[in-house]
Amino acid sequence: MRRSLAQNLVLALGLLVLAALVLLPFWWVASGSVKLPKEIIQRVPTMMPHSFTTQHFEKLFSSSDFPTYLVNSLLVALASTAATVALALPAAYAFFRMDFPGRAALYRAILLAYAFPGVVVLIPLYGLFSAAGLVDSRISLVIVNVAFALPFAIWMMRSFLASVPREIEEAALIDGAPVATILLRIMVPLIAPGIASVAVFAFIASWTEYLFASVLIVSDERRTIPVGFAGIIGQYQIDWGLLLAGATAATIPVVLLFALVGRWFVAGLTEGAVK
Amino acid sequence: MRNATLPFAFVAPALVFLAAVLGWPLLQAVWLSLQDVGVIGSQGRFVGLANYAAVLGDGRFWRALLRSLVWVAGNAAVQTLAALGAALILNQQFPGVRLARTWIILGWIVPTVVVVIIWRWLLSTSGGMINPLLVQAGVIDRPVGFFASRESAMTTLILINSWRWFPFTTLMLLAGLTRIPGELYEAARIDGAGAVKRFTRITWPLLQPTLLVLGVVGTLLSFNVFDVIWLLTAGGPAQATQTLPVLIYETAFKGYRLSEAAAVSVITSLLLMAFAVAATRAMAADEAER
Amino acid sequence: MAGLVLSSVKKRFGAVEVVGGVDLAVADGEFLVFVGPSGCGKSTLLRMIAGLERVSEGRIEIGGRDVTDEDPSKRGIAMVFQTYALYPHMTVAANMGFPLEMAGQPKREIDAKVAEAARVLRLEPFLERKPRELSGGQRQRVAIGRAIVRQPQVFLFDEPLSNLDAELRVGMRVEIARLHQALGATMVYVTHDQVEAMTLADRIAVLNAGRIEQVGAPLDLYEDPDNLFVAGFIGSPRMNILDADVVGSDGGDALVSMPRLGLEGVAAPCRGAAPPPGTAAKLGIRPEHVGGAEGATAMLAGTVTVVERLGGVAHVHVELADGSGFTIESREARRFQPGETARFGLDPRHLYLFDAATGRRV
């Protein structure tokens with residue numbers, strides 16, 4: 001549709017506001033992370049840094065526990081992602097491409113997991129993990145992250161699976177392909193974007209998780225970024241330079257991930273949204 | 001297709017996992033709420049519904065419930081409005097629209113703690129951007145502590161959480177918008193409908209199903225938000241931002257009254273479940289009417 | 001190669017019976033077409049033969065072997081889908097080789113068979129392309145190629161041409177006919193298009209509401225329909241059907257009257273004995289068997305509403321005295337103008353008489 005000049009102006013203005021709303025906070029944080037401490041807490045803040053220093057990043061990576069947090073977060077997120085995809089794929093396939101008694105009821109039961117605040121299961125889970133000797137282990141975080149990502153991940157795969165015509169599977173069936181082959185050789189390549197978006201979702205969910213990590217992890221060397229940072233924020237004298245550098249460094253991995261597969265992720269999110 | 005056990009073999013790993021990590025602890029939470037366990041790991045006695053009686057008779061629970069409702073309603077209002085505007089913009093065609101549709105979600109994909117750092121800093125009285133900007137614009141006379149007063153703390157939290165979540169809502173609405181066939185708008189133009197009429201007579205009614213789904217999902221998601229609140233205000237000042245999840249956490253891990261926290265959890269879960277069931281019923285009925 | 005036998009095959013979805021007791025034997029090498037309106041159960045029937053749909057009741061044999069509960073891949077069938085169902089992420093060669101690969105055949109043998117099929121179907125230049133890089137007709141040929149390489153006993157086609165445009169459809173129709181001659185294989189073909197059915201089939205089975213109305217050679221169905229449904233479904237434009245009453249008989253003919261159209265004692269040929277007087281009947285006549293009024297024993301008149309001029313012939317739509325519609329096929333397109341009254345005669349040799357209550361030919 002063609003737009004008039006006035007409409008174009010309104011659109012441009014709206015876009016500008018939107019961009020400022022989303023991006024400006026990140027710009028302020030990223031630019032702040034290279035300012036000298038003096039400039040950071042200046043009464044009249046600067047849009048563009050007047051000073052430049054890498055001292056906050058040096059401190060972050062050499063004399064703080066950030067590198068440890070970063071490695072922990074990456075390990076937990078990668079393991080959670082792999083496990084979520086491995087569990088969600090066959091389950092989603094069965095839910096949306098196969099017919100079996102109790103299918104609808106089971107699916108609804110899984111979706112119900114979203115009605116519960118995570119904090120509800122936190123207390124009993126802590127007991128279970130401590131009985132199993134898993135408290136203060138990264139595995140416990142992986143288990144929790146997968147459990148909370150799984151229902152959404154299964155739901156997210158629905159539209160991708162639905163986009164593969166049934167005839168293709170039937171043709172494969174007639175061609176003599178066993179179910180496992182149909183899933184791995186036909187479905188997986190065809191819903192690769194869906195798998196990618198589920199993986200991104202699982203990664204982000206794990207990357208941002210705070211509640212369980214704050215309770216289940218006790219020792220400093222196993223902390224993930226959210227909990228590790230929260231510890232620094234809680235200190236009386238806030239070292240803003242360090243925190244801004246940390247926030248910037250914690251944003252970069254997801255930004256990189258998103259630059260690679262973000263388009264698919266957004267598609268996956270929105271495709272599934274409208275049934 | 002012939003093998004009847006195969007689908008079960010496919011869903012079993014996920015189901016067993018969820019049952020073990022979510023289902024079983026949920027049942028344990030119910031059992032815990034009937035005892036008098038204090039600190040994690042200690043033994044408790046069976047006390048029946050005593051914890052429920054205590055919770056329901058305690059003003060803190062009701063105040064937290066009320067705050068949760070304010071929280072959900074505030075988030076719904078702010079996010080829906082912001083998302084609707086953003087979705088209408090991103091539904092247009094312009095150079096770079098694909099990039100915009102992807103990167104709008106930036107605030108949603110970074111750790112909560114980063115969101116917390118961003119806004120703590122931007123709102124701080126020393127070096128923060130927001131105070132000087134507001135002073136310059138004449139909205140306030142002098143820098144204010146956004147988390148200092150009871151009213152502004154809740155409002156600020158709602159705005160920050162909405163900043164984080166409105167991109168998600170935007171993408172959902174955008175999906176709903178792209179489902180509306182372009183021919184409808186062309187037909188309406190030919191019939192002489194202006195931009196406003198096109199919105200009120202085509203976009204808005206056809207967006208209803210999407211908004212309804214979002215209303216339900218969004219309510220559940222924002223009700224359960226804990227980390228932003230905890231990390232920014234820890235429920236303060238003077239419990240002004242203590243929603244139910246915060247109350248549960250605080251009772252269990254700061255107050256060392258596990259069983260009481262479990263009772264609050266169970267009540268909360270029942271409320272949310274009742275809401276979810278009622279909402280899906282209503283949606284199904286709505287669907288049947290169409 | 002082998003034949004196919006269906007014995008009282010039924011399909012129910014819950015309480016709804018979609019296919020109700022189909023008995024049919026397809027001979028080895030025969031080309032059988034299932035034709036019928038949408039929702040008549042023809043696709044479900046084909047999918048049961050393929051093993052994609054469970055048989056609720058009855059038995060299916062292929063080549064003398066009971067395959068009712070057999071896996072689709074072990075039935076000795078190949079299927080060509082309406083949407084082609086090619087694997088989008090595989091090349092043409094990989095698509096065609098997939099069934100052989102699944103059967104565990106050695107790579108060299110697969111390559112040889114794929115090359116042969118590609119040669120027959122003139123797909124050689126496209127072997128390394130992906131399906132989305134092909135035209136609709138080429139995709140359809142790949143789908144057929146994937147079926148050929150398996151050397152099945154029975155080929156199943158599910159409306160394979162309905163996604164193609166009109167011109168390609170004619171070309172592919174000829175190609176499939178050629179293929180049938182070349183391979184001599186048994187083929188079962190589902191379509192809602194009677195032209196496809198008439199041109200391709202050795203025999204046609206007309207399906208309606210999950211039951212076979214009539215099976216026979218195309219021209220037999222056209223010239224000698226068993227019932228009102230087949231009479232109306234086969235032939236374009238449709239056969240005209242008029243309400244009539246049997247008033248008597250004359251030798252093998254029944255004498256019928258259509259008082260509201262002013263016709264008395266029209267002689268209509270019957271298959272057996274004429275029905276007793278007083279029987280409510282339907283009289284059918286095809287548009288091409290309606291001729292000039294001069295010298296005709298039975299004459300009708302009506303107002304011309306629409307004239308569709310197709311070039312060689314014209315379809316003249318007429319409203320009769322009782323308000324019912326009637327179609328005439330005429331070679332003299334210019335003779336008819338809308339709004340004018342047209343007179344025409346019915347050729348008594350081409351009248352069909354049906355029992356109004358049962359719809360059966362009498």
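Below are a few stops, each with something to select and something to look for.

Before you click, note that this is a predicted model, where local features need pLDDT of at least 70, side-chain atom pairs count only at pLDDT 80 or more, and totals for chains, interfaces and linings use all residues. Residues are numbered from 1 along each chain as its sequence is written, while chains are lettered from A and ligands numbered from 1 in the order in which they are written.

**Stop 1: a helix in chain A**

Select residues 179-190 of chain A, which make up helix α9. (Helices are DSSP runs of H or I, at least four residues, numbered from the N terminus.) This one has twelve residues and reaches 15 Å from first C-alpha to last, close to the 16 Å expected at 1.5 Å a residue; the expected span is 1.5 Å times one less than the number of residues.

Now colour A:V179, A:I182, A:I186 and A:M187, the buried residues of α9(A). (Buried is 20 or more other C-beta atoms within 10 Å of a residue's own, with C-beta atoms placed from the backbone.) Look down the axis of α9(A): these buried residues fall within an arc of 85°, so they line one face of the helix. That arc is taken from the directions from the helix axis to the C-beta atoms. Show their neighbours too: they pack against α4 (66-97) and α8 (166-174) of chain A, together with α1 (6-33) of chain B.

**Stop 2: where chains meet**

Bring up chains A and B: 75 residues of chain B are in contact with 75 residues of chain A. (Contact means C-beta atoms, placed from the backbone, within 7 Å.) On the chain B side, α1(B) supplies the largest share, 17 residues.

**Stop 3: one residue in α1(B)**

Zoom in on B:A29, in helix α1 of chain B. Is B:A29 buried or exposed? It is buried, because 25 other C-beta atoms lie within 10 Å. Among the residues that B:A29 touches are A:V120, A:P124 and B:A262, not counting residues up to four places away in sequence.

**Stop 4**

Finish with α10 of chain B, residues 195-223.

How values were computed
Helix = DSSP H or I, 4+ residues; strand = E, 2+ residues; numbered from the N terminus. Buried ≥ 20, exposed ≤ 12 C-beta atoms within 10 Å, placed from the backbone. Contact = placed C-beta atoms within 7 Å.
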